[in-house]
Amino acid sequence: MNTARKCAVVFGVDNTADMAAAIALRAGRGGLHVHVVGSRQEPLNDVAAAIQRSGGRATAMALDAGDRRQVEAFFQRLDSEGYQPVLVAHGGGGPNAQAALETAVAEVEAQWRRLCFAGFLIGQAAIPRMLTFQQGTLLFLGHASSLVPQIGTAAVAAAGAGLRAFAQSMAREFGPKNIHVAHVVLHGAGHGTGHLPSDAVAEACWQLHGQHKSAWTHELDLRP
Amino acid sequence: MNTSPASAHRPERCAVVIGVGSRAGIGGAVAYRFAQEGLHVYVVGRTAAKLQEVVDAIRAGGGRASALINELRDEDEIKALFARVAAEGRQMEAVIYNAAYLNMPRRFLSTPPAFVEGNWRLTCLAGIVAGQVAVRQMLPQGHGTLIYTGATASLRGKPLFAAFASAKAALRAFALTLARECAPQGIHIAHVVIDGAVAGDRTKTALFGLGRAALLVKGEQGALLPDAIAETYWQLHVQPRGAWTHELDLRPFKEKF
């Protein structure tokens, strides 16, 4: 009998109003223990507290998702504490307005590590756990620029397109093993300043998690 | 685009082809094709012997070329490449970015992070840096062509090729963004999706000879001929400004996948 506690892991929470925070809150309302993950402890504590206030269960964990050891150690901790990650989400953030020609190598690399490489590491750590239970949903959040080039978004477009390709590869490889991998395209979502309401995005993500496997969505765009 | 022969009053024109292996590959074929049009071609790669083979072929065909060894390891090495070209005084008309990390199949869960990063650094990041440096060098002259070699994987990720697809997709996103931004300044940037197997040396020697067998299965002209690819690269270069292509695909007539 499976005695593991089902949980959600939401990466990339940076403030209480961002997309990732909204997904964490929605997963909490849905009855999952939520591990709220990001690089800064304070907003993580705030989001975890908000989940607890509304009757849910949550844990805050600050780490660098672009660092393989930290990601792997985090998932090992989930194992040892008896959690079963059934929903893992990563991505979001917003485009940085900068001309392609002026974008420094350091910026290209920082965006790639934060969005794309972290997505690879999270997939590599989460999928084996999901395979153990033959169940799981892995959501990657991208932007309009992940699909269609937009002036002034070069670094994040490259990182987002790279993440999308990873999501597609994972979806094809692990779909037949009951792991649902989807790429969610957020149109008009800046750094919390977008017109796309985060709670509506979170609801769409939660619906993806509940989809029946005979008709899974692998890419979903959301626009106001 | 001016394709008339260089006059005595104007500097000799040149092209830089980055990612050249043997003559029987995309890089070698593109270098040969551009040299046929009278451009001096810098063939850039890692292996001196292979570059020399391409230079010899170009010279045998009446063209001019020189070999530059460069491993594209970081921004400094890439900048040094273009500084060297600039120092020789020729007008840089075209730059082709054809370098890519070894594309070998790996299951997702056993893909080492270093393999992902290596793919990204050479296939994507070095292409980004080369493109930036090339465009900056072309801007004062008000024209120039930058062509990126893409792949089926640039458009869709598949099992076994996640790292390659991720790097190629990222390069494509950057290339198309750069293309939109630089077109008004007269710089033509294009991304070519090679949507099939290439009948080149890299394919033939891939996977311990299995690549050669795969090409046989494809049948006559079932894989892209490097010289045919090179012809389209040249046509992109001479496209009139009124109708520039930013992306096109090339696919063998009977490919089924």
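The dialogue below takes up these features in turn.

A: This is a predicted model, in which local features need pLDDT of at least 70, side-chain atom pairs count only at pLDDT 80 or more, and totals for chains, interfaces and linings use all residues. Residues are numbered from 1 along each chain as its sequence is written, chains are lettered from A and ligands numbered from 1 in the order in which they are written, and side-chain values use heavy atoms, with hydrogens and water left out.

Q: Which strands pair with E6(A) in the parallel sense?

A: Strands (E, at least two residues) and helices (H or I, at least four) are DSSP runs numbered from the N terminus, and two strands pair if DSSP finds at least two bridges between them. Strand E5 of chain A (residues 136-143) pairs with E6(A) over eight bridges, and Gly142(A) stands opposite Val185(A). Strand E7 of chain A (residues 219-222) pairs with E6(A) over four bridges, where Asp221(A) is the bridge partner of Val185(A).

Q: Where do the side chains of E6(A) point?

A: In a regular strand, side chains alternate between the two faces of the sheet. Here Ile179(A), Val181(A), His183(A) and Val185(A) point one way, and His180(A), Ala182(A), Val184(A) and Leu186(A) the other.

Q: Why is E6(A) described as largely enclosed by the rest of the structure?

A: Buried means under 20% relative accessible area, exposed over 50%, and partly exposed in between (1.4 Å probe, protein chains only). Eight of the eight residues of E6(A) (residues 179-186) are buried, so the strand is largely enclosed.

Q: How many disulfides are found?

A: A disulfide is a pair of cysteine sulfur atoms within 2.5 Å. The search over all chains finds zero. For Cys14(B), the nearest cysteine sulfur, that of Cys182(B), is 18 Å away.
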